[in-house]
Amino acid sequence: MAFKLLASLLALAAVSNAALIRKATCADGRTTANAACCALFPILDDIQENLFDGGECGEEVHESLRLTFHDAIGFSPALTAQGKFGGGGADGSLITFDEIETPFHANGGIDDIVDVQKPFIARHNITAGDFIQFAGAIGVSNCPGAPQLEFLLGRPEATQASPDLLVPEPFDTVDSILARFGDAGFSPAEVVALLASHTIAAADHVDPSIPGTPFDSTPGVFDSQFFIEVQLRGTLFPGTGGNQGEVESPLAGEIRLQSDSELARDSRTACEWQSFVDNQTKLQNAFKAAMAKLAVVGQDVSQMIDCSDIIPVPKPVTGQAHLPAGLSHNDVEQACATVAFPTLPTDPGPVTSVPPVPPS
Ligand code: HEM
């Protein structure tokens, strides 16, 4: 009798265990851990085909990643403590209330991707907040070397626009940038990790005479070149010069933000910055963790469903960390006081110019 009871208990345990690990099979045959995530597959296909031109890591991916940040950072417990509305974080307010938020100075140029994403949201059953973070995570997966970002589903519609002045500007001081991120819940190390996004990025509006000018020499690859190249001595302006928030860069065709330059050289952040130079695994893990936090700023995670397994697995990084051709370790402006800059090979050949990111 006791044996029979034990046997059926074991059988029951096996069944419930299988149920726990069994994946849901969706209508099109693809599987995911949670059946509620099945609805995302058609949206994923639409995004890859019609937003990211068949799965590229190009301009729309860069813009969509920037949008994840500008939506999420609209969140300020400090304002709330003063009895004001501090913003809803990653709630889609930048799209839902785009007429209020896109004119904010720090959101310059973001109206492009807002206008491109809006019809996608209109033709699918998804909130703007979920769509922004979903598209950002998918977009990053198109960039070789990136981590597979998390995606949680379930952000309610935004109820109000974010207040102005919560998105950092490239001409802000390090003190003000770290304070702003600190208010939203991010440490200095997490700020540096989030800035890995600038390895797949370009600027259209910092110097409007040279749209599509990248922040590093490999804007289609999620590698550490951004952290290397921002640490090199600035020698030129790629365009007109004298623009607010811009400082000299080391390469023709490459633009450097004042904020990136200063964060790479500030004693609070310099060693973290340098630590990514020759450590792709750390770069991936730190960016993944910081983005997971950014994507749910202001949200009630207990009410959300983990659909991370829907996000495609990115290809491995291409190329090796290197100094650009014609430059050497003498061009490194060492800022980390405790660890020497890693020894890197220099690309062979004469000094090159970085081509712009083409509009698509
Ligand atoms: C100190 C904080 C930051 C500042 C001051 C800053 C500033 C900027 C500026 C001025 C641009 C150029 C916009 C243009 O002219 O088109 C830019 C581009 C970009 N930023 Fe940031 N950013 C910061 C942090 C972040 C974070 C945390 C993310 C994402 C997690 C991010 C993602 C991007 C991306 C992907 C682009 C490229 C957009 C494109 O190529 O169209 N940024 N950022």
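**Reading the model**

Reply: Start with Leu165: at a relative accessible area of 73%, Leu165 is exposed. Exposed means over 50% relative accessible area, buried means under 20%, and partly exposed is in between, with a 1.4 Å probe and protein chains only. Two ground rules apply. This is a predicted model, where local features need pLDDT of at least 70, side-chain atom pairs count only at pLDDT 80 or more, and totals for chains, interfaces and linings use all residues. Residues are numbered from 1 along each chain as its sequence is written, and side-chain values use heavy atoms, with hydrogens and water left out.

Me: Where is Leu165, and what is its phi near?

Reply: Leu165 belongs to the loop between β3 (152–153) and α9. Helices (H or I, at least four residues) and strands (E, at least two) are DSSP runs, numbered from the N terminus. Most residues other than glycine have a negative phi. Leu165 has a positive phi, near 75°. Asp53 also has a positive phi, near 50°. Asp53 is in the loop between α2 (40–51) and α3, and counts as partly exposed at 38% relative accessibility.

Me: Where does the ligand sit?

Reply: The ligand is in the largest pocket. The test has two parts. On a 1 Å grid over the protein atoms alone, a pocket is an open set of points with protein on both sides within 12 Å along at least five of seven lines. A molecule sits in a pocket if more than half of its atoms lie within 2 Å of the grid points. The elements that give two or more residues to the shell around the ligand are α3 (59–72), α9 (174–183) and β4 (202–203). α3 gives the most, with 5 residues.

Me: Which residues come nearest to the ligand?

Reply: A residue is near if one of its heavy atoms lies within 4 Å. There are 25 residues around the ligand, and Ser197, His198, Ala202, Asp204 and His205 come nearest. By class, the shell has 16 nonpolar, 5 polar and 4 charged residues. Here Ala, Val, Leu, Ile, Met, Phe, Trp, Tyr, Cys and Pro count as nonpolar, Asp, Glu, Lys and Arg as charged, and the others, Gly among them, as polar.

Me: What is the donor from the protein to the iron atom of the ligand?

Reply: Donors are N, O and S atoms within 2.8 Å of the metal (3.2 Å for Na, K and Ca); water is not among the atoms, so sites may look incomplete. The iron atom has a single donor from the protein: NE2 of His198, 2.2 Å away. His198 is in the loop between α10 (188–194) and β4.

Me: Is Ser249 buried or exposed?

Reply: Ser249 is buried, at 0% relative accessible area. Its side chain reaches the backbone oxygen of Glu254 at 2.7 Å.

Note on methods: On a 1 Å grid over the protein atoms alone, a cavity is a set of points where a 1.4 Å probe fits but cannot get out, and a pocket is an open set with protein on both sides within 12 Å along at least five of seven lines; lining residues have an atom within 4 Å of a point. A polar contact is a pair of N or O atoms within 3.5 Å; within protein, one must be able to donate a hydrogen and the other to accept it, and residues adjacent in sequence count only if both atoms are side-chain atoms.
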